[in-house]
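Good morning, everyone, and thank you for coming.

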Amino acid sequence: MWSFRFLLTPQAIRMGSRKEVTLADIVIPPLGEVEEVRVVRWLHEVGDEVQAGEAVAEVESQKATFVIEAPVAGRLFAILVPEGKAAAPGEVIGKIAEREGER
Amino acid sequence: MREVRWIPLGRVRFREALELQRRLHSLRRRGELPDLVLSLEHEPVITLGRSADPRHILGDPVALQASGVEVAEAERGGDVTYHGPGQLVLYPILDLRGFERSIKWYVWALEEVMLRVAADYGIRAGRLPGRPGIWVGNGKLGAVGVYVRGWVTMHGLALNVAPNLDHFRLIVPCGIHGAEATSIAALLGREVPLEEVDERARDAFARVFGARVAPADVEVVTG
């Protein structure tokens, strides 16, 4: 988890301010001997509010759909692995800009 | 020892079973239910998994609906599948943290249950790499499609006991051209009652999952 200062970047404007934003990783957890999954569905668009524990994406491997939940409350800030693309357990597939005071 | 409730539901429409599964899944996730397995058969239905290609439905959806075959979307993994009477469907709602925290193991275990039931009938079925389910030659005897959230499962497996195999021609099974459906009844050349297969599946499930399996009523479980 890291911190960035965005100065009037498009992202910062979308975030509604130029204050410090903490980004939390959306990570594919270890799924048990699974080397690769496919991101089949993002359930939110960049900019959407999400609650901690809310389903944000679905990945699939060998006829199993696995739901990825938001690690923190905030706004979906970036989708790093789009629908249809492969990813590995441990990989960061997206970022959430944390809502202030909810750490 | 782990305990799993086995809940026979008889013949249920897909959408109804889906509603029930979603309810039980969220209760299980909150720890308000024990591990359980719904055992049932469906009215004829074609379901689309998360990776479904609609072109794998070969009939016209309107004509299908008119002939009594429902078309429904499901959140399980996989492509297009047919379910209907004569197929044993198991929907385990399990917290995998009490078993193995592994998707691969879980899919393997569901296949293993079906393989053991088939073996009970003297049928030598097997796995095909990259093609989940169980197969006898080029014939698909059983299918797997699961959904896992917070390590709690829903959807599950479908074993062809004695379904109308013509209905499978409405789809490209699992998106695999050249694959055909087969059944225990077709392979044995005799009738096989679903209740008998359900019992054998219960025993196989208990062994594979290392659990005591006790029959229960859905009302008893949900209160």
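Predicted model: local features only at pLDDT ≥ 70, side-chain atom pairs only at ≥ 80, totals over all residues.

In what order do the elements of chain A run from the N terminus on? They run β-α-β-β-β-β-β-β-β-β, which amounts to one helix and nine strands, where helices (H or I, at least four residues) and strands (E, at least two) are DSSP runs, numbered from the N terminus.

Residues are numbered from 1 along each chain as its sequence is written, and chains are lettered from A and ligands numbered from 1 in the order in which they are written.

The pLDDT, which is the predictor's confidence in each residue, from 0 to 100, averages 85 in chain A, with 78% of the residues scoring at least 70. Over residues 1–10 of chain A, however, pLDDT stays under 50. Of the 103 residues in chain A, 33% are buried, a word that I use for a residue with 20 or more other C-beta atoms within 10 Å of its own, as against exposed for 12 or fewer and partly exposed in between, with C-beta atoms placed from the backbone.

Let me turn to chain B, where three strands form an open sheet in the order 4-3-5, with mixed pairing; two strands pair if DSSP finds at least two bridges between them. Strand 4 (70–73) and strand 5 (80–83) of chain B are at the edges and have a single partner strand each, so one side of each is left without a neighbour in the sheet. Strand 3 (residues 45–48) of chain B pairs with strand 5 of chain B in the antiparallel sense, over four bridges, and Val45(B) has His83(B), in strand 5 of chain B, as its bridge partner.

Which residue of helix 1 of chain B do I want to show you? It is Glu16(B), which lies in that helix and is partly exposed, with 13 other C-beta atoms within 10 Å. Glu16(B) and His42(B) are 26 residues apart in sequence, and their C-alpha atoms are 9.8 Å apart in space.

Finally, helix 3 (residues 103–120) of chain B has 18 residues, and its buried residues include Ile103(B), Tyr106(B) and Leu110(B). After helix 3 of chain B comes Gly122(B), whose phi is positive, near 75°.

Note on methods:
Contact = placed C-beta atoms within 7 Å. Expected span 1.5 Å × (residues − 1).
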